[in-house]
Amino acid sequence: MSRARGLLAASVISVQNSCFTYPACQSCFSRLIVDSRRFNCLKCGCTGEAKDTNYRYRLSLKVADTSDLFDITVFGSCLDPFFGVTAGSLQRFIQDLHQLSGETNNDASPGVLVQAVETCFIGKRFIFGV
């Protein structure tokens, strides 16, 4: 099976999610199952203490080139320059905000962060490696 890679120059039409980080396995980058004390990777079996959970960026976008629409998901540290911090630092900031406000939905980013991400990306043109 051949995997052809290419570049796509496209403009961002919308941000498709409001959660920009996810708990990620250090070995295979899959989403971890995290409870109050432990984490577990269902893909590779990696386990550890919840306090040692690493986070990774995941930004889902709808983009358009001159002739078509695409759903693209951008992962990892390539987003650090846009957010100004690592995904782990952003996740700690979001958790602190939720704790201060008494918010119980820890999966959603604060509205002001969602607006900032939309302002940063929507209408801008990027080159995506696909």
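Is Lys-62 buried, partly exposed or exposed, and what is its relative accessibility?

A: Lys-62 counts as partly exposed, at 23% relative accessibility; the class lies between buried, under 20% relative accessible area, and exposed, over 50% (1.4 Å probe, protein chains only). The model is predicted, so local features need pLDDT of at least 70 and side-chain atom pairs count only at pLDDT 80 or more, while totals for chains, interfaces and linings use all residues. Residues are numbered from 1 along each chain as its sequence is written, and side-chain values use heavy atoms, with hydrogens and water left out.

The side chain of Lys-62 meets that of Asp-71 in a salt bridge, at 2.8 Å from N to O; the term denotes a side-chain nitrogen of Lys or Arg within 4 Å of a carboxyl oxygen of Asp or Glu. Asp-71, at 58% relative accessibility, is exposed. By this rule, the count of salt bridges comes to three.

Salt bridges with shared partners join Glu-49, Lys-51 and Asp-52 into one network. Lys-51 forms a salt bridge with Glu-49, where the closest N and O atoms are 3.8 Å apart. Lys-51 also forms a salt bridge with Asp-52, where the corresponding separation is 3.3 Å.
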